[in-house]
Every structure is written in structure tokens, then in C-alpha cells.
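The sequence and structure come first.

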Amino acid sequence: ATHLDTESMHEHVVIRRGVRSGLPIVVAVHSTALGQAIGGCRIAHYPHWRDGLTDALRLSAAMSDKCALAGLPNGGGKTVVALPPGRTLDAAARRAVLHDAGDVIAGLDGAYATGPDVGTGPDDMVTIAERTPHAFCRPVHAGGSGDSSGHTAVGVLAALHAVCAERFGSADLSARSFAVLGLGRVGGHVLRMLADVGATLVAADLDEGRRMLADTAGAAWTSPQDCLTADVDVLVPAALGGLLTPHAVPTLRCAAIAGPANNQLDIPATADLLHQHDILWAPDIIVSAGGIIHATAVELHQETSAQATARVQGIADTLADILRTARATGSTPAAAARSRARHRIEHGRR
Ligand code: PHE
């Protein structure tokens with residue numbers, strides 16, 4: 001490969017200073033080889049807008065693999081609104097930037113459709129949809145499939161069954177302990193579902209205001225740092241990505257890691273390091289696919305929510321198969337997942 005190797009290059013990236021908001025907006029379309037690119041709209045703080053661009057490039061590329069592994073006829077994309085440190089959005093500024101993002105998406109003529117992500121929800125999709133029809137997960141009363149976070153959480157639980165079966169020889173979650181790092185939309189659901197099955201729980205969030213969620217679930221509240229290194233069976237990353245670094249791995253005390261956070265590994269080689277430390281890492285691109293599986297089944301393929309949920313449950317089989325393949329071939333789950341995704345994209349190319 002040379003620097004002119006464009007094989008994995010993005011198809012289209014738009015960087016725009018929003019005309020209404022003045023805020024930096026990046027829409028990255030990684031691939032439409034399998035169909036329309038999909039991926040959420042993230043509104044988050046970055047030291048510099050270029051960091052938002054870097055994030056959008058990485059997140060959209062991961063979405064291509066996520067769609068391929070989920071068996072969807074879609075490619076990967078992402079929208080990132082990069083907020084300067086300390087900047088907050090009042091209702092008017094939020095509308096302005098969502099309309100700015102909507103205009104960029106409209107200009108892509110259907111090559112890309114957005115959805116909720118970190119910092120956005122179903123109501124924001126209604127606002128984006130005032131500028132473009134290509135927005136998933138509007139509330140049901142507004143013609144969409146509704147909040148995807150509960151469906152993503154269902155997929156995480158399915159993945160945890162597969163991970164526990166592979167690692168501990170039993171899919172029974174009640175006998176296990178979990179550290180849930182991040183109690184946002186998805187993490188909050190996951191914590192509650194794990195509490196419902198009687199699992200032993202540790203939880204943390206940067207926002208002290210979410211401690212109530214942990215208390216209600218009967219989870220021990222810790223600092224994010226202590227949650228990361230908690231002595232539990234499974235660590236469940238449910239906040240921002242990049243937490244699994246070469247520095248962090250030797251401090252981990254869990255036996256397995258599976259959660260919905262996107263891009264958990266800071267660099268691909270960290271998957272090998274986890275493997276060397278005998279920690280089973282379930283690829284986030286499989287674990288986190290419940291939201292897109294449900295939304296596309298209902299909104300693009302006119303399935304019922306029950307049919308869509310059955311597909312989300314299929315994440316358990318997809319992951320079990322990847323974990324088995326990795327074990328049989330002596331590779332990491334990350335490598336097995338990546339090679340299956342590449343294979344699907346190559347063979348499915350329109
Ligand atoms: N945040 C979702 C993800 O990372 C994005 C999404 C959800 C896109 C639902 C479309 C529909 O997978």
C-alpha cells in the first residue's frame with residue numbers, strides 16, 4: 001500500500017461552517033458500496049474542529065463495517081458537530097445547527113441518511129427532517145421508528161449472552177458481574193436490564209447527576225477510572241470511545257469487554273494487546289448494531305417492531321460466530337470481524 005492507495009478512502013466528506021450557527025459541521029460518507037450510507041449525528045465537544053473531522057472519519061468508516069456485519073444493505077457515514085470547549089447550545093442555537101446539518105445532508109441527494117448519536121435524540125431528527133427526509137428515528141407520532149437507544153441496549157444484552165457463553169461457558173447473566181461505564185441513553189437502559197436479570201453491578205458516569213440511575217439499579221457507584229479497572233467479569237463501555245489504550249489495558253481486571261460505545265480501541269493494535277492479556281474483546285461494531293438494525297428494518301423494509309427486534313437478537317449469533325472463528329483461527333475477534341466485513345463489502349459491491 002502506498003499513500004496513493006485509495007481503497008479505504010472515504011467517498012465524500014463535507015466540511016462546512018454552518019451558515020446559521022457558525023459552528024463546524026462534518027458529514028463523512030465512507031462507503032455506499034452496499035447501499036445508502038447511514039450513521040448518527042454526533043454533537044460533542046472537541047478541542048479543535050479538526051478533532052471533530054478526525055472523529056467523523058473514523059466513526060463513519062466503522063459504520064461501514066457495522067452495517068456489513070449486521071447484514072444490512074447500507075454503507076457507513078457520520079455527522080459530527082464540533083462544539084468548542086465549554087460551548088453550550090440553547091434551543092435556538094440547537095435548531096440552527098441542526099438545520100445547518102440538515103442542509104448538508106440534503107445536498108448529498110440520498111447518498112447518506114442520519115440518525116441519533118451521542119448528543120442527539122429523536123426530537124433532533126424531527127428538526128433535521130425539516131431540511132431533508134434522510135433522518136432515521138423520528139418519534140413514532142412524527143412518522144419514524146422512535147428512539148433507537150432501547151433497541152441498541154437489547155442488542156448489547158444479546159451480545160453479553162454470547163460473550164458470557166464463550167468466556168464462562170454459560171450465557172446466564174445473573175451469575176455474572178458487570179461494570180457499566182457511561183449511563184447515557186444506551187448505558188442507562190443496559191444497566192436497568194442487567195439489574196432486572198439480577199446481575200452484580202458497578203456503574204459510573206462523568207455526570208454525578210446520573211448517580212440516581214445507579215442507585216435505582218442497585219449498582220455500586222464509582223469514579224469512571226475505578227469503573228474501568230473494576231474487578232468484574234465483564235466491562236461494558238457505554239460512553240465515548242478511545243478508552244482502551246495500551247496504557248489502560250495492563251490495569252484492567254475484567255475477563256471480557258462488550259459494550260455499545262463506538263470506536264473503543266484507540267488504535268487497532270490494542271486488540272492484540274487485549275488478546276495477550278487474555279481479555280476477550282467483543283468488537284463494538286457488532287455489539288452496538290441494535291439501533292441501526294431496528295431502525296432500518298422498520299423504516300426501510302416495513303417490518304413490524306417485533307420482527308425488527310428478532311433481528312436485533314440475532315446479534316448474539318453473529319457475535320458467537322465471530323468469537324468461535326477467532327478462537328478456531330487463533331486470531332483476535334477484531335481481526336475476524338474486520339475480515340468478515342471486508343469480505344461482505346467486496347462481494348456485495350453493487
Ligand atoms: N448512533 C447509531 C450508531 O452508531 C446511529 C444510528 C442509529 C443511525 C439509528 C441510524 C439509525 O449505530
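## Ligand shell

Which helix gives the largest share of the shell around the ligand? Helix H10 (residues 290–299) does, with 3 residues; helices (H or I, at least four residues) and strands (E, at least two) are DSSP runs, numbered from the N terminus.

This is a predicted model, in which local features need pLDDT of at least 70 and side-chain atom pairs count only at pLDDT 80 or more, while totals for chains, interfaces and linings use all residues. Residues are numbered from 1 along each chain as its sequence is written.

There are 14 residues around the ligand, and Gly 40, Gly 115, Phe 136, Gly 291 and Ala 295 come nearest (a residue is near a molecule or strand if its C-beta atom, placed from the backbone, lies within 6 Å of it). By class, the shell holds 6 nonpolar, 7 polar and 1 charged. Ala, Val, Leu, Ile, Met, Phe, Trp, Tyr, Cys and Pro count as nonpolar, Asp, Glu, Lys and Arg as charged, and the others, Gly among them, as polar.

## Arg 42

Arg 42 lies in strand E4 (residues 41–45). Arg 42 counts as buried because it has 23 C-beta neighbours inside 10 Å; buried means 20 or more other C-beta atoms within 10 Å of its own, exposed 12 or fewer, and partly exposed in between, with C-beta atoms placed from the backbone.

## Helices H1 and H13

Helix H1 (residues 49–69) packs against helix H13 (residues 333–348) at an angle of about 80 degrees, their axes 9 Å apart. Axes are lines fitted to C-alpha atoms, for helices over the stretch in contact, and angles run from 0 to 180 degrees between N-to-C directions. The contact of H1 with H13 has 5 nonpolar, 1 polar and 4 charged residues.
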